[in-house]
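Thanks for coming. I will go through one model today, contact by contact, and keep it short.

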Amino acid sequence: MVTKQDDIYASRLEEMIDFRFDEKVVNVFPDMIQRSVPGYATLISNIGILAAKYAIKESSYYDLGCSLGAVSLSMQQRIKTPDSKIIAVDNSAAMIRKAKQILASNKESSVPVELICADIADVEIHNAAVVVMNFTLQFIDPEKRQTLIERIYTGLKPGGIFILSEKLAFDNASVNQFHIDSHHDFKRDNGYSDMEISQKRSALEKVLIPETLETHQTRLKSAGFSMTEKWFQCFNFASLVAVK
C-alpha cells in the first residue's frame, strides 16, 4: 500500500476544527500513526501474539475502533484456532472502506474478518476470546466508558482477555509534562514541525480525553476482571491486558 505523508496541519489553519477520522485523515493515517504514536509497530505485532496466546476455539475476536484494520490483520496472521472469526468495528465509513481493501489483500489466513461501520456502543459483544480497543476509548465520552467496559466483560468467555491501549494522563504535573514534552520530541524527530504539533493538539483537545493509568485499572477491576497488567508503555502511550 502506498502511504501518503501526513501534512494535514503543515499549513496554518484559519479556523481550528475538531479532529475527526474523515477521508483526509484516512489517506494519511498509516504515516500519521507511525510518526505520532511511539512504539506503534511493536504494539500492533504483540497484540497479535497476545490474541494467539489467549485464543479459544469457536470464538470471536473483536477489534473495536479498528481504523484501517492493523490490529485485525495482526490477529488474523497469528490466530490458528478452529472456527475463529474477527469482527472489526469503526464508526468512520471512510476507514471501513479502506480497511476492506487492505484486509482483502491478505490471502494467507483462513480466519474471516467481518467489517462493520457502526458505533461500538451499538455492537453486541458475544462469544469473545479477545476484545481489543487500540487508542479508541479515549475518544468516547468519559461518562459512557464504564458501561462499555462492563459490556465487553460480559461478552468475553471465561479466560478471555481485553486489551486496552490508551494515551495516558498523569496526576503529578511534573511527570505529566515530562511525558508530553517527550512525546512532542518524538514527533519532531519524525519530521513534524512545532506548528503541526500545536495545531493537531488543539484539534484533539476536546475530542481525545486521556485518563490516568489508575483510572483505567479501577474501571477494569470494577467491571469484574480478575487480573489487569500494563504490558507496554512508551512515554504517555500504554497498553493493558485484563483477564476475565
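I start with charge pairs: the count comes to 7 salt bridges in this structure, which is a predicted model. Side chains of opposite charge can pair when their charged atoms come close. I will take three of these pairs in turn.

One of them is between arginine 97 and glutamate 23, where the closest N and O atoms are 2.9 Å apart. This pair links distant parts of the chain, with arginine 97 in helix H4 and glutamate 23 in helix H1, 74 residues apart. How accessible are the two partners? Arginine 97 counts as partly exposed, at 46% relative accessibility, and glutamate 23 counts as partly exposed at 40%.

Next, arginine 145 forms a salt bridge with glutamate 211, and here the closest N and O atoms are 2.9 Å apart. Arginine 145 sits in helix H5, residues 142-155, and glutamate 211 in the loop between H7 and helix H8 (213-223), so the pair ties together parts that are 66 residues apart in sequence. Is arginine 145 buried or exposed? Its relative accessible area is 0%, so arginine 145 is buried. Glutamate 211 is buried too, with a relative accessible area of 12%.

Arginine 188 and aspartate 185 form a salt bridge, with the closest N and O atoms 2.9 Å apart. Both lie in helix H6, 3 residues apart, which is about one turn of the helix. Arginine 188 is partly exposed at 37% relative accessibility, and aspartate 185 is partly exposed at 45%.

Now to helix H1, which already came up through glutamate 23. H1 covers residues 23-36; at 1.5 Å a residue, its 14 residues should span 20 Å, and the end C-alpha atoms are 18 Å apart, which agrees. Where does H1 bend? The bend is at phenylalanine 29, by about 70°, and a proline, proline 30, follows within four residues.

How much of H1 is buried? The number is 10 of the 14 residues, so H1 is largely enclosed by the rest of the structure. Among the buried residues are Val25, Val26, Val28, Phe29, Pro30 and Met32; Asp31 and Arg35 are buried as well. What do they pack against? The partners are helix H2 (40-53), helix H4 (93-104), helix H6 (173-189), helix H7 (194-204) and strand S7 (237-243).

From H7 I pick out lysine 200. Lysine 200 is buried, with a relative accessible area of 9%. Leaving out residues up to four places away in sequence, lysine 200 touches Tyr9, Phe19, Met32, Ser36 and Lys187. Two of those names, Met32 and Ser36, are also on the list of buried residues in H1.

On to the rings. A search of the whole structure finds 6 aromatic pairs. Phenylalanine 21 and phenylalanine 139 have ring centres 5.3 Å apart and planes at 80°, so the pair is edge-to-face. Phenylalanine 21 lies in the segment before H1 and phenylalanine 139 in the loop between strand S4 (128-134) and H5, so the pair ties together parts that are 118 residues apart in sequence. Phenylalanine 21 is partly exposed, at 28% relative accessible area, and phenylalanine 139 is partly exposed at 27%.

A second pair is tyrosine 153 with phenylalanine 225: the centres are 5.0 Å apart and the planes at 85°, so this pair is edge-to-face. Tyrosine 153 lies in helix H5 and phenylalanine 225 in the loop between H8 and S6, so parts that are 72 residues apart in sequence are tied together. Phenylalanine 225 counts as buried, at 6% relative accessibility. As for clusters, Phe21, Phe29 and Phe139 form one; Phe29 is the residue at which H1 bends.

Then the cysteines. How many disulfides are there? The count comes to 0. The sulfur of cysteine 66 has its closest cysteine sulfur in cysteine 117, at 9.0 Å, too far for a bond. Cysteine 66 is buried at 2% relative accessibility, whereas cysteine 234 is partly exposed at 24%.

Last, asparagine 236, in the loop between strand S6 (227-234) and S7. Asparagine 236 counts as buried, at 2% relative accessibility. Beyond its neighbours within four places in sequence, its contacts include Glu166, Lys167, His179 and His183.

Technical notes. Residues are numbered from 1 along each chain as its sequence is written. Side-chain values use heavy atoms; hydrogens and water are left out. Helices (H or I, at least four residues) and strands (E, at least two) are DSSP runs, numbered from the N terminus. The expected span of a helix is 1.5 Å times one less than its number of residues. The bend at a residue is the angle between axes fitted to the seven residues ending there and the seven starting there. Buried means under 20% relative accessible area, exposed over 50%, partly exposed in between (1.4 Å probe, protein chains only). Contact means heavy atoms within 4.5 Å. A disulfide is a pair of cysteine sulfur atoms within 2.5 Å. A salt bridge is a side-chain nitrogen of Lys or Arg within 4 Å of a carboxyl oxygen of Asp or Glu. Rings of Phe, Tyr and Trp (its six-membered ring) pair if their centres lie within 6.5 Å; planes under 30 degrees apart count as stacked, over 60 as edge-to-face and the rest as tilted.
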